[in-house]
Amino acid sequence: MRLLLCALVLSAAAIGQIDEAAILEGAGDDWLTYSGDYASLRHSSLDQINRENVGSLVTKWVYHVPGARRLETTPLVYDGVMYLTNTNELHALDAGTGRRIWTYVAEAPRRAQNRGAALWGDAVFFLAADCHLVKLDRLTGALIWTREFASYEEGYYTSLAPLIVKGQVLVGTAGGGTGQRGFVAALSTDTGEELWRFWTVPAEGEPGSETWGGFPSKWGGAPTWTTGSYDPELNLIYWPTGNPWPDFYGGRRRGDNLYSNSVLALDADTGEMKWYFQFTPHDTHDWDANEQLVLVDREYNGEMRKLMLHADRNGFYYLLDRETGEYLQATRFVERLDWATGIDESGRPIEVPGLEPTPAGVKVCPSVRGATNWMSPSINPEIGLLYVVTLEMCDIYTGSAKEPVPSSGFRGGGSQQIPSEPGQFYLRALDSLSGEIRWEYKMTGPATMWAGTVSTAGGLVFTGDDDGALVALDARTGEALWHFSMGNTLYASPMTFTADGKQYVTIATANDVFTFGLFSD
Amino acid sequence: MFGSESGYNAHAVRLGILTALTGVVCFAADYTPAAVEAGKAQFLDACAACHGTNGEGGFGPSLVDGREVRRADDEQLFKSIQQGVSGADMPPFSFPDEQIWNLVGFVRSLSAPAVESNVDGDAAAGEALFFGAGGCVGCHRIRGRGGLLGPDLSVIGSSRRIDQILEALLDPNARITAGFAAATLDGNVRAVVKNHTNFSAQVLDSSGRLHLLRGDELERLRFEGESWMPRDVATRLEDHLVRDLVAFLSRQAAR
């Protein structure tokens with residue numbers, strides 16, 4: 001009896017230890033953070049499902065999310081429980097059976113897509129669309145507190161999965177399309193109290209403000225609507241930023257518009273900026289740089305370097321030194337790219353003149369959706385390939401030279417598709433150092449999806465495709481080994497985990513969550 | 001015994017008295033009681049066949065805890081009733097505008113959150129009771145503080161009507177909140193069954209351990225039939241104390 005009691009106490013103590021060390025272990029049995037780990041590799045050490053047996057993958061369960069229209073969630077899994085989000089909702093499921101354990105619904109006055117939750121201690125956190133951070137008890141879904149960090153009445157909203165670093169919940173905002181000035185904020189996991197905030201558009205008089213031609217910083221945009229990465233050794237948080245406002249008309253904001261379309265390296269304790277790198281200066285094509293930032297240590301030109309890999313919406317694949325922000329190289333990863341002839345030695349695009357949007361419209365490649373976007377890439381560190389969902393497409397961009405009116409829906413123009421030149425999705429495997437395309441998988445479909453990838457130690461990469469299927473490819477060759485059509489558009493990235501000792505792969509469609517495992521009787 | 005005719009009637013009477021005492025306002029603020037009453041009569045004639053006489057649903061959805069209804073503004077509800085819901089089985093109704101407004105008032109009252117009503121109880125005394133002598137906190141949580149066997153009550157004021165809260169206190173078996181069926185695990189551990197099928201069960205025990213049971217393991221589970229919510233609140237607590245509890249609970253809202 002005493003023994004039993006001790007065992008109980010022990011296991012109770014073991015519960016709730018989701019901390020930095022656990023997240024740093026990387027994606028394996030559990031998937032504890034949006035991109036699987038702090039480095040955003042989206043690579044799992046699981047190999048139960050592998051090239052030899054993936055052909056016998058079958059659907060194990062489907063969870064329907066009532067009322068969902070566009071699930072963008074990457075589920076998290078800890079200790080056999082899956083956490084997934086819909087707009088203003090968090091669902092906790094038995095990960096082995098897909099049965100619901102609890103649901104929490106935030107009564108929020110605004111709706112928006114939501115990309116996932118964050119785990120820490122014995123709590124689970126997510127963001128309601130109206131910029132409230134919600135902290136729940138991980139086991140019961142009981143509310144602990146909510147904390148507002150931006151005002152939806154001022155036009156802010158939020159859609160990202162928060163990142164938890166050193167007991168701080170890092171949050172960002174969307175709403176850049178109507179001018180709202182972006183920021184990254186750190187809120188205490190204990191109290192929700194705001195510990196620091198970094199504005200992505202410098203205030204008047206601050207360094208960088210001279211790059212706006214006198215445009216008010218309050219309306220600069222540069223939102224922070226995707227999840228960043230974290231390097232504990234360098235004690236740096238990396239966060240990507242979106243485009244300046246108005247999106248398609250730059251006449252009132254002459255200059256580079258710092259720190260839009262950039263990556264920011266922020267001190268993990270203070271939020272102080274250590275360096276930044278801007279991918280697209282003075283953007284007028286809505287090419288947010290919010291794509292994932294992948295952190296790897298690799299030999300580069302004979303020297304071990306701490307690298308950051310980033311395939312940008314603007315069509316170039318970048319290598320940076322993540323310690324200093326030094327630009328190392330960039331290569332194009334799409335053919336349909338005509339706005340720049342290359343990137344110069346300082347990392348600045350060599351732009352082709354005359355491609356700013358005009359009232360009459362001008363054709364520019366890539367399209368407004370970008371050569372890639374927030375759909376997650378993944379890397380297999382053993383093979384050295386980075387898997388990037390890529391869209392070959394151009395658009396007609398229109399710009400209008402009106403006086404920008406904030407919060408009016410004004411975006412300075414827009415873009416339209418060219419019916420005779422439909423978009424084409426590929427999954428491309430880039431040599432992570434040279435940027436060379438090693439193989440590509442051409443998808444079928446209407447060019448409407450937003451699904452990403454997950455890589456596994458089983459020698460596989462799983463990708464959502466443009467026709468509503470999950471496809472497993474040989475990570476080295478790109479050969480399609482297995483697929484399953486879910487009959488619905490995909491807006492989410494897959495992930496993998498273990499429950500009951502078995503490996504599963506999960507992806508959300510627009511309104512259902514599908515989970516696959518090896519056939520067994 | 002509880003559940004017998006007389007027991008139930010006693011509680012029903014008690015509920016009636018308390019309802020009168022607390023001045024339960026299940027009416028939306030902008031509608032006169034007469035309008036809501038008129039709407040109710042019409043609802044019984046024209047809507048109850050699909051939405052149930054108490055609005056809790058049948059062929060059509062429940063309008064009681066429907067988030068859709070709470071999110072919709074009055075004009076939207078008016079339009080839904082007048083024009084129906086296209087593509088769904090909600091027919092249009094060509095009643096005079098006034099009658100439709102009465103219906104809107106009644107539909108609103110079905111999901112009027114407790115936090116919007118005035119309860120003439122002492123919320124501070126209710127709070128002390130909840131976290132103290134009432135013993136509620138042993139099973140219920142509010143903002144992270146409390147036990148596990150009962151539902152989190154952090155937002156009960158914005159998710160339930162006053163009479164629903166009252167009913168939960170005075171007649172707990174009248175309806176058992178989903179995910180809170182009482183069960184015993186391995187013959188002696190108190191637990192609640194969050195979900196179950198014939199093949200698996202998701203069970204939370206009173207010490208905060210989650211048991212994900214499979215197949216034969218389901219035999220470890222014995223359903224209790226009733227819930228763990230004590231059945232003696234009505235007899236144990238005087239009316240004014242119940243009122244204080246309701247006053248306190250009705251103020252628990254998310255924002």
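The structure is a predicted model, in which local features need pLDDT of at least 70 and side-chain atom pairs count only at pLDDT 80 or more, while totals for chains, interfaces and linings use all residues. Residues are numbered from 1 along each chain as its sequence is written, chains are lettered from A and ligands numbered from 1 in the order in which they are written, and side-chain values use heavy atoms, with hydrogens and water left out.

Chain A contains two helices and 38 strands, where helices (H or I, at least four residues) and strands (E, at least two) are DSSP runs numbered from the N terminus. Its radius of gyration is 22 Å, close to the 24 Å given by the globule rule for 521 residues, so chain A is as compact as a globular protein of that length; the radius is taken over C-alpha atoms, and the rule is 2.2 Å times the number of residues to the power 0.38. Taken along the principal axes, the box filled by the C-alpha atoms of chain A is roughly 75 × 50 × 50 Å. Buried residues account for 66% of the 521 residues of chain A, with buried meaning under 20% relative accessible area, exposed over 50%, and partly exposed in between (1.4 Å probe, protein chains only). Of the contacts in chain A between residues at least 6 apart in sequence, 59% join residues at least 24 apart, a contact being defined by heavy atoms within 4.5 Å. The accessible surface of chain A is about 17700 Å², and carbon and sulfur atoms contribute 49% of this area; accessible areas come from the Shrake-Rupley method with a 1.4 Å probe, and for residues only the protein chains shown count as cover. Chain A carries 39 positive and 65 negative charges, whose mean positions are 4 Å apart. In this count Lys and Arg are positive and Asp and Glu negative, with His and the chain ends not counted, and the place of a charge is NZ of Lys, CZ of Arg, CG of Asp or CD of Glu.

Chain B, by its secondary structure, has eleven helices and seven strands. In this chain of 255 residues, 46% are buried, and 62% of the contacts with a separation of 6 or more are between residues 24 or more positions apart. The accessible surface of chain B amounts to about 12700 Å², with 54% belonging to carbon and sulfur atoms.

Over all chains, the count comes to one disulfide, a disulfide being a pair of cysteine sulfur atoms within 2.5 Å. The bond is formed by Cys365(A) and Cys394(A), whose sulfur atoms are 2.2 Å apart. Cys365(A) lies in the loop between β25 (362-364) and β26 (378-380) of chain A, and Cys394(A) in the loop between β27 (385-392) and β28 (395-399) of chain A, so the pair ties together parts that are 29 residues apart in sequence. The torsion about the S-S bond of Cys365(A) and Cys394(A) is about 95°, so the disulfide is right-handed. Cys365(A) is buried at a relative accessible area of 6%, and Cys394(A) is buried at 3% relative accessibility. In chain B, Cys139(B) takes part in no disulfide, the nearest cysteine sulfur being that of Cys136(B), 8.9 Å away, and Cys139(B) is buried with a relative accessible area of 19%.

Among individual residues of chain A, Val461(A) is placed in strand β33 (residues 460-464) and is buried, at 0% relative accessibility. When neighbours within four places in sequence are left aside, the contacts of Val461(A) include Ser378(A), Tyr387(A), Leu427(A) and Trp439(A). Asn86(A) belongs to strand β4 (residues 81-86) of chain A and is buried with a relative accessible area of 5%. Residues up to four places away in sequence not being counted, Asn86(A) touches Val65(A), Pro66(A), Ala68(A), Leu71(A) and Asn114(A).

In chain B, Gln42(B) lies in helix α2 (residues 33-46) and is buried, with a relative accessible area of 14%. Apart from neighbours within four places in sequence, Gln42(B) is in contact with Cys47(B), Phe95(B), Gln99(B) and Leu103(B). Thr32(B), by its position, falls in the loop between α1 (5-22) and α2 of chain B and is partly exposed, at 48% relative accessibility. Between the C-alpha atoms of Thr32(B) and Ser80(B), which are 48 residues apart along the chain, the separation is 21 Å.
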